[in-house]
Amino acid sequence: MKLNEHTKGIWYAAFSYLIWGFLPLYWKPLQSAGSVEILAHRILWSFLLMIAVMFLLKKKNSLTRDVKVLFGNKKQFLSVFTASLLISGNWVMYIWAVNTDHVVEASLGYYINPLVSVILGMLVLKEKLNSWQLVSFMLAACGVFLLTWQHGEFPWVAVSLALSFGLYGLVKKLGSFDSLTGLTFETMFVFPFAFIYLIYLQWNGEASFIYGGPSTTLLLWGAGLVTAVPLLCFAQGVKRISMTMIGFLQYIAPTIMLVLGVFLYHETFSQIHVISFTLIWIALLIFTVSRTKWANYLINRKKQNSLSAKI
């Protein structure tokens with residue numbers, strides 16, 4: 001049975017979120033390597049993998065052309081360079097959170113990421129919010145406030161993850177390169193720093209790669225694969241399905257992370273966590289429903305009735 005493009009899109013996007021959700025299982029065994037070394041390997045092998053993919057797909061000529069555009073257009077250069085810094089920062093923060101027993105807080109970050117993205121759209125792209133979306137923001141803010149009050153400190157891990165990925169999405173939206181080329185350029189910018197750092201570790205005998213044993217070496221080598229594959233699947237999915245469907249599917253990853261954090265890694269999940277996450281889940285439900293055709297119909301109907309009453 002041949003799948004239509006919409007169904008393919010759902011499978012591509014769902015698969016990417018499933019991989020992202022289970023990634024803590026991949027990073028946890030690499031705790032001894034340290035977050036920065038893991039990030040360096042993630043960048044190194046992602047870049048080499050993307051170069052190989054571009055050549056296998058016979059996109060050498062288009063890559064050469066895009067390189068000229070990148071370095072000849074100041075706006076494009078700044079866009080890709082900024083995206084590179086943001087995604088690298090997001091990666092290292094996520095790895096650090098997983099390996100220091102902050103998986104639950106990391107899941108919170110990706111739960112509130114859609115709301116952060118809309119705030120950025122409102123502030124930067126001048127997008128307007130309806131009343132439902134404003135209510136969802138207020139509920140989510142209450143959830144974050146409760147967590148802050150309980151811990152006595154701001155949940156900076158969650159907010160940093162949400163902000164960095166939200167800003168990354170905004171920069172990508174403003175850019176013009178396709179997904180393959182964009183990821184290749186983003187890893188290219190930070191590749192020299194990652195390469196030099198890894199050479200330094202190897203030279204001083206402090207590297208986990210090779211010296212950390214076969215399993216650690218294999219996992220570090222595979223970091224590029226588990227980075228690039230979900231990003232490429234997501235890019236294929238987002239082309240084929242609506243943003244509303246993406247909105248529903250994107251909660252797969254943080255939900256899996258939350259379950260892993262609570263039941264597998266036995267992280268703290270108090271009554272305040274339950275209340276806070278419930279508020280955020282309700283906010284996300286309202287936010288997601290507000291983006292459907294049914295909600296838009298009700299809002300427009302209300303506006304028409306209000307206008308008719310004034311006349």
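The model is predicted, and every value given here was computed from it. The chain contains 14 helices and zero strands, so that its pattern along the sequence reads α-α-α-α-α-α-α-α-α-α-α-α-α-α.

**Overall make-up**

- Of the 311 residues in the chain, 48% are buried.
- Among contacts in the chain with a separation of 6 or more, 85% are between residues 24 or more positions apart.

**The crossing of H3 and H8**

- Helix H3, covering residues 60-72, and helix H8 have axes that come within 11 Å of each other and cross at roughly 60°.
- The crossing of H3 and H8 is right-handed, and the contact is made by Leu-63, Asp-66, Val-67, Leu-70 and Phe-71 on the H3 side, together with Thr-181, Thr-184, Phe-185, Met-188 and Phe-189 on the H8 side.
- Sorted by class, this contact of H3 with H8 comprises seven nonpolar residues, two polar residues and one charged residue.

**Thr-184**

- Thr-184 is placed in helix H8, which spans residues 179-203, and is one of the residues through which H8 makes its contact with H3.
- With a relative accessible area of 1%, Thr-184 is buried, because the cut-off for that class is under 20%.
- Leaving aside residues up to four places away in sequence, Thr-184 touches Phe-47, Met-50, Ile-51, Met-54 and Leu-63, and Leu-63 also belongs to the H3 side of the contact between H3 and H8.

**The crossing of H1 and H4**

- Helix H1 (residues 5-27) packs with helix H4 (residues 74-99) at an angle of about 65°, and their axes are 9 Å apart.
- This crossing of H1 and H4 is right-handed.
- From H1, Trp-20, Leu-23, Pro-24 and Trp-27 meet Tyr-94, Ile-95, Val-98 and Asn-99 of H4, and by class the contact has seven nonpolar residues, one polar residue and no charged residues.

**Aromatic pairs**

- A search of the whole structure finds 20 aromatic pairs, including the edge-to-face pair of Tyr-110 and Phe-165, whose rings are 6.2 Å centre to centre with 80° between the planes.
- Because Tyr-110 lies in helix H5 (residues 103-124) and Phe-165 in helix H7 (residues 156-174), this pair ties together parts that are 55 residues apart in sequence.
- Tyr-110 counts as buried at 18% relative accessibility, whereas Phe-165, at 26%, counts as partly exposed.
- Phe-165 also pairs with Tyr-168, and this pair is tilted because the ring centres are 5.8 Å apart and the planes stand at 40°.
- Phe-165 and Tyr-168 are three residues apart in helix H7, and are therefore separated by about one helical turn; Tyr-168 is buried, with a relative accessible area of 7%.
- Elsewhere, Phe-71, Phe-77, Phe-81 and Phe-189 form one aromatic cluster, and of these Phe-71 and Phe-189 also take part in the contact between H3 and H8.

Conventions. Residues numbered from 1 in each chain as written. Predicted model: local features only at pLDDT ≥ 70, side-chain atom pairs only at ≥ 80, totals over all residues. Heavy atoms only, no water. Helix = DSSP H or I, 4+ residues; strand = E, 2+ residues; numbered from the N terminus. Buried < 20%, exposed > 50% of the residue type's maximum accessible area, 1.4 Å probe, protein only. Contact = heavy atoms within 4.5 Å. Axes fitted to C-alpha atoms, helices over the stretch in contact; angles between N-to-C directions. Left-handed = near helix turned anticlockwise from the far one by under 90°. Nonpolar A, V, L, I, M, F, W, Y, C, P; charged D, E, K, R; others polar. Phe/Tyr/Trp six-rings, centres within 6.5 Å; stacked < 30°, edge-to-face > 60°.
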